[in-house]
Structure formats: C-alpha cells, structure tokens
Amino acid sequence: MNIENLTATENISGSWAAFINFTFNTVTVNTIAEESRNDDTRLRIIQLYVQPIVGISGMVANILMFGMLIKSGLKKPSNIIIFGLTLADCFLLISPINVVELTARFLHAKETANYFGWECSENLARFLFILNRVLTTLHYWGGFAGTSLPVKITVERLIAFFFPIKFASIVTSKRAFQVVVSVWLFWGPWGLFFCFLKRLSIYSST
C-alpha cells in the first residue's frame with residue numbers, strides 16, 4: 001500500500017520541520033493500520049460466525065427436504081430433479097462450514113495461513129490438505145450442477161404446459177433420473193479440476 005508523505009516544511013525549517021513531518025507520517029500510518037484491523041475483524045466475524053450459521057441452517061433445511069422428497073416418493077420426475085438440486089445445494093454449502101479452510105485462515109498466524117503444517121506432524125498436514133481439497137471439489141461440483149438442474153425443471157414445466165396430453169409419456173421417472181445423473185457426470189471433471197489447483201505447502205519455522 002502506497003502512503004503519501006505529508007510534509008509541512010515549506011515555511012518551517014530545522015528540527016521542528018522534521019518533527020512535524022514525522023508526526024504527520026505517523027498519524028497516516030496509524031490510521032491505515034487501524035482501518036486494516038477493522039476490516040480484518042469484520043471479515044473474521046462474517047466468515048467465522050455468519051457464514052457457518054447460514055451453512056449449517058441450509059444443511060438442516062436440505063436434510064428436511066430429503067426426508068420430504070423420500071416420503072412423497074421419488075417416482076415423480078419433478079421430485080427426482082429436486083432431489084438432485086437439493087444434493088447440489090448441500091455440496092455448495094460445504095464451503096461456509098469447511099473447518100479445515102477456516103482453521104487455516106483464522107486460527108493461526110497470517111504467515112502460516114497458506115500452509116497445512118501448523119503445529120502438527122507432516123502426515124496430519126497431508127491429511128488436512130487432502131480433506132480440504134476433497135471438500136473444495138465437492139463445493140464446486142455442487143455449484144456447477146446446481147446451475148444446470150433448475151434449467152431442467154424449467155424445461156419440464158414447459159413440456160407440461162405445451163404438451164399436457166403427452167407429458168406423462170415424454171417426461172418419465174427414468175428419463176428424469178438419466179438427466180440428473182448426466183448433469184452430475186458432466187460437471188464432475190470440472191469440479192475435479194479445482195482439486196489440483198493448489199499444492200501442499202508445509203510451514204517450517206526453522
């Protein structure tokens with residue numbers, strides 16, 4: 001961050017000019033540091049408290065949705081698509097409650113935030129890294145699939161509107177299941193791609 005020097009030496013010379021220049025610079029640095037600490041505090045509150053609460057609440061709601069869909073029966077094409085969409089939402093909500101990522105960011109010093117070797121053995125560091133990559137992959141996979149499945153619901157509703165007589169023969173449970181599975185299979189490699197974007201770095205203080 002660039003900090004402009006504030007000087008008042010045009011009409012003042014000698015030791016007083018140096019004192020005033022030092023004072024202005026100190027005030028400027030302290031103000032920027034204070035603003036940075038305030039921003040970091042707000043970020044910690046949002047990502048350590050607000051987002052996990054939202055993520056856990058969403059998970060509970062999705063679990064209840066699973067129970068309702070299973071109880072009403074998965075033989076309906078619309079229920080099958082909604083089931084796939086609910087699963088995608090569960091995967092998407094992994095990010096706010098990814099304990100490994102939150103621990104790496106906020107429960108250790110900033111210089112070790114990008115490492116997985118804080119105060120633990122190398123084997124545990126590798127386990128945490130792999131777990132984080134798996135959770136991140138599931139997050140992206142659910143996010144990608146979740147963008148496509150609502151389109152399938154829209155198409156199903158359009159077929160029901162324009163072809164009400166032939167709807168039952170066009171939109172069957174088997175076809176709905178095949179569509180949902182194909183969407184998940186299509187976005188699988190894209191989600192897996194993000195698994196390899198980060199390499200394991202083990203922090204060492206020596």
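Visitor: How far apart are the end C-alpha atoms of residues 48-68, and how much of the span is helix?

Guide: Helices (H or I, at least four residues) and strands (E, at least two) are DSSP runs, numbered from the N terminus. For residues 48-68, the end C-alpha atoms lie 31 Å apart, and the span is 100% helix and 0% strand. This is a predicted model, where local features need pLDDT of at least 70, side-chain atom pairs count only at pLDDT 80 or more, and totals for chains, interfaces and linings use all residues. Residues are numbered from 1 along each chain as its sequence is written, and side-chain values use heavy atoms, leaving out hydrogens and water.

Visitor: What about residues 80-100?

Guide: There the ends are 32 Å apart, with 71% helix and 0% strand.

Visitor: Is L85 buried or partly exposed?

Guide: Buried means under 20% relative accessible area, exposed over 50%, partly exposed in between (1.4 Å probe, protein chains only). L85 counts as partly exposed because its relative accessibility is 25%. You will find L85 in helix α2 (residues 77-92).

Visitor: Which residues is L85 in contact with, leaving aside its neighbours within four places in sequence?

Guide: Contact means heavy atoms within 4.5 Å. With those neighbours set aside, L85 touches G146, L149, P150 and I153. The C-alpha atoms of L85 and S148 are 8.9 Å apart, although 63 residues separate them along the chain.
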